[in-house]
Amino acid sequence: MLNTQSATIYSLAEPMHGGRFTSVLSVGSRKFGHECSVCGFRESERVYPLRIRWTVEEWGPGSDVIPDFNWPRAHQILLVSQLVRDYLQERVTGIRFGAVEMVDDPTLHRPKRITKRTKKRVWLPYEGPPLHEIIVDKVVHLDIERSGRTFTLCPGCGRKQFKVRHDAQDIVPRSEWTGEDFFRIDENGGADGPVFVTQHARDLLKAGRFTNLSIRKCGAIVP
Ligand SMILES: [Zn+2]
């Protein structure tokens, strides 16, 4: 990308209608600190390694199909298969990989016989593909005005509370960005928000045809 050109950016999320895949939750992935008595915001920090627990669908047949992209804490945490790691590792910047631990439910045992009535789920000991967290460290700031944001300051903690115009785009000044293909945006939740990618990463991810990943155009890096 030349300094004088603008470049489209995209956000990564779980598709709206996943359905056929198993689901997973993170366990204690954030350590919470002080809570602001005015706005209710609680400071928090990530706890590593990522710990996850497989969940079972309450209604319906359940699923034991593990997709390439798993979403244990909404859009915040990228949990991916070995396939995704091998594919991205040498080809994009701004990511590193973190270990994943699975928390066992002590009351849960793989049934000796699986019948038609046994609800499908992922059992431990785990026999699926190796999983990794994609850790994204880079956080950029938006151009607030061009991104259609206004904010007020919380009188309790001084934190900016953003309002977003409905047609707003995420506009990142070129000076904020140091070439990473994966990054987060401070005004969109920072480390607690979604992951954003460049055109290069988006094209690679698209070509990889990974399951359970939705990529949405959301703005640009501009000169
Ligand atoms: Zn506050």
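A residue is called buried here if 20 or more other C-beta atoms lie within 10 Å of its own, exposed if 12 or fewer do, and partly exposed in between, with C-beta atoms placed from the backbone. The model is a predicted one: local features need pLDDT of at least 70, side-chain atom pairs count only at pLDDT 80 or more, and totals for chains, interfaces and linings use all residues. Residues are numbered from 1 along each chain as its sequence is written.

Cys36 is a handy place to start. With 15 other C-beta atoms within 10 Å, Cys36 comes out as partly exposed. Cys36 belongs to the loop between strand 3 and strand 4; helices (H or I, at least four residues) and strands (E, at least two) are DSSP runs, numbered from the N terminus. Once residues up to four places away in sequence are set aside, Cys36 touches Phe41, Cys154, Gly156 and Cys157, where contact means that the two C-beta atoms, placed from the backbone, lie within 7 Å. Arg91 is another matter: 55 residues separate Cys36 and Arg91 in sequence, and their C-alpha atoms are 42 Å apart in space.

Strand 3 (residues 30–35) and strand 4 (residues 42–46) pair in the antiparallel sense over four bridges; for two strands to pair, DSSP has to find at least two bridges between them. Phe32 has Ser44 in strand 4 as its bridge partner. The two strands make a hairpin with six residues between them, and Gly40 in the turn has a positive phi of about 80°.

Strand 2 and strand 5 (residues 50–55) pair in the antiparallel sense over four bridges, and Ser23 stands opposite Thr55 in strand 5.

Another open sheet has four strands in the order 6-8-11-9, with antiparallel pairing. Strand 6 (69–70) and strand 9 (96–98) stand at its edges with a single partner strand each, so one side of each has no neighbour in the sheet. Strand 9 and strand 11 (residues 131–135) are paired in the antiparallel sense over three bridges, with Arg96 opposite Ile135 in strand 11.

Next, the core. A nonpolar core is a set of buried Ala, Val, Leu, Ile, Met, Phe, Trp, Tyr and Cys residues joined through C-beta atoms within 7 Å. The largest one has 35 residues, and the members that touch the most others are Leu78, Leu79, Val80, Phe182, Val195, Phe196 and Val197. Leaving out neighbours within four places in sequence, Leu78 is in contact with Leu12, Phe69, Glu133, Ile134 and Val195.

Gln76 sits in the loop between strand 7 (72–75) and strand 8 (78–81). Its 19 C-beta neighbours inside 10 Å make Gln76 partly exposed. Beyond four places in sequence, Gln76 touches Asp192 and Gly193. Arg184 is 108 residues from Gln76 in sequence, with 9.7 Å in space from C-alpha to C-alpha.

Most residues other than glycine have a negative phi, and most peptide bonds are trans. Ala74, in strand 7, has a positive phi near 50° without being a glycine. Ala74 counts as partly exposed because it has 13 C-beta neighbours inside 10 Å. Asn212 is not a glycine either, yet has a positive phi of about 65°. Asn212 is in the loop between helix 2 (199–208) and strand 18 (214–222), and with 20 C-beta neighbours inside 10 Å it counts as buried. As for cis peptide bonds, one joins Tyr48 and Pro49, with omega at about 0°; Pro49 lies in the loop between strand 4 and strand 5. The peptide bond from Leu124 to Pro125 is also cis, with omega near 0°, and Pro125 is in the loop between strand 10 and strand 11.
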